[in-house]
Amino acid sequence: SLSFNLYVENNTDSDFYLSTRNVLINNCTVGLSNSVVEIKKGTKYLAEPNFNFVLNLENLEPYNIKSVDSINFELYMSHEILGEAFSSSEVNLSPKKAFESSSRVLGSSEDKTIILNDNDILIEYRGLEKYSSDSWIVNLYIENETDSDFYVSANDVQINGFALELSNSQSLIQSGSKYMSFPNFDFIIDSNKLKSYGIESIDELSFNISLSHEILGESFIEKSVNLNPGISVVVED
């Protein structure tokens, strides 16, 4: 892991929360761990000794990133942990920091399925990735070469004909960025829900992909997706 070692002084008479949002590493979307911290009034703070703003290097492997050449994120300050920001700024850095990584690149197999390739937007299905004993991720790869951010969501999910909602089923895709579900822990299948239906193999997976410019806004693109993964997902008791 790497820590974004932020130094902060709060010389005001109020506590506030500092958070990072919409993090891009080499224009690839990757979230930070421990990305919100409370800064007490009259205190000084360093991220590294507090193990905050942590980048898990394993989350860069799906993108085959072996050197952090650019970091872009938004820095928010608010008086409540999820409150409205009283100050925000964009941060753009060029650390040029190389690191060792494995050669494993998720979703690099030849059987990936193109869902959409139109108007500078590319969406590919790159298989099901096991995240833990309790969850699988529908690994979508997305490139947004347009000049606008948009949200992508998966709705009306069916597995082997059974209706089943995905967790974290909507994600922001920033303009000029690349995105994969797996490192961002989005589009999750709960294995225990499969067990309730007696599903031991995902043979049919269907859902609707919709793109919108607002979280609950009107879709400007919708696509139906029908896949045949043929993946065993036996859940142990």
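## Close-up views of a predicted chain

The structure holds three salt bridges, a salt bridge being a side-chain nitrogen of Lys or Arg within 4 Å of a carboxyl oxygen of Asp or Glu. This is a predicted model, in which local features need pLDDT of at least 70, side-chain atom pairs count only at pLDDT 80 or more, and totals for chains, interfaces and linings use all residues. Residues are numbered from 1 along each chain as its sequence is written, and side-chain values use heavy atoms, with hydrogens and water left out.

**View 1. The whole chain, to get our bearings.** The chain has three helices and 23 strands; these are DSSP runs numbered from the N terminus, with helices (H or I) of at least four residues and strands (E) of at least two. The chain is as compact as a globular protein of its length, because its radius of gyration is 19 Å, close to the 18 Å that the globule rule gives for 237 residues. That radius is taken over C-alpha atoms, and the rule is 2.2 Å times the number of residues to the power 0.38. Along its principal axes, the C-alpha trace spans about 60 × 45 × 35 Å. Of the 237 residues, 43% are buried; buried means under 20% relative accessible area, exposed over 50%, and partly exposed in between (1.4 Å probe, protein chains only).

**View 2. Asp15, Glu38 and Lys40 are linked in a network of salt bridges.** Look for lysine 40, whose side chain meets that of aspartate 15 at 3.6 Å, N to O. This pair links distant parts of the chain, 25 residues apart: aspartate 15 sits in the loop between β2 (7-9) and β3 (16-25), and lysine 40 in the loop between β5 (36-39) and β6 (44-46). Lysine 40 also forms a salt bridge with glutamate 38, where the closest N and O atoms are 3.5 Å apart. Aspartate 15 is partly exposed at 27% relative accessible area, glutamate 38 is partly exposed at 33%, and lysine 40 is partly exposed at 42%.

**View 3. Arginine 126 and glutamate 124 meet in a salt bridge.** Their side chains come to 2.9 Å, N to O. Arginine 126 is buried, with a relative accessible area of 15%, and glutamate 124 counts as buried at 7%.

**View 4. Asp118, Asp120, Glu145 and Asp147 gather in a patch of negative charge on the surface.** Patches are made of residues with over 30% relative accessible area and no salt bridge, joining like charges within 9 Å and nonpolar side chains (Val, Leu, Ile, Met, Phe, Trp, Tyr) within 5 Å. Lys and Arg count as positive and Asp and Glu as negative, while His and the chain ends are not counted. The place of a charge is taken as NZ of Lys, CZ of Arg, CG of Asp or CD of Glu.

**View 5. Val36, Ile81 and Leu82 form a nonpolar patch on the surface.** Together they have about 310 Å² of accessible area, computed by the Shrake-Rupley method with a 1.4 Å probe, where for residues only the protein chains shown count as cover. Leucine 82 lies in the loop between β9 and β10 (85-93) and counts as exposed at 79% relative accessibility.

**View 6. Asparagine 72 lies in strand β9 (residues 71-78).** Asparagine 72 counts as buried at 18% relative accessibility. Asparagine 72 and cysteine 28 are 44 residues apart in sequence and 9.6 Å apart in space, C-alpha to C-alpha.
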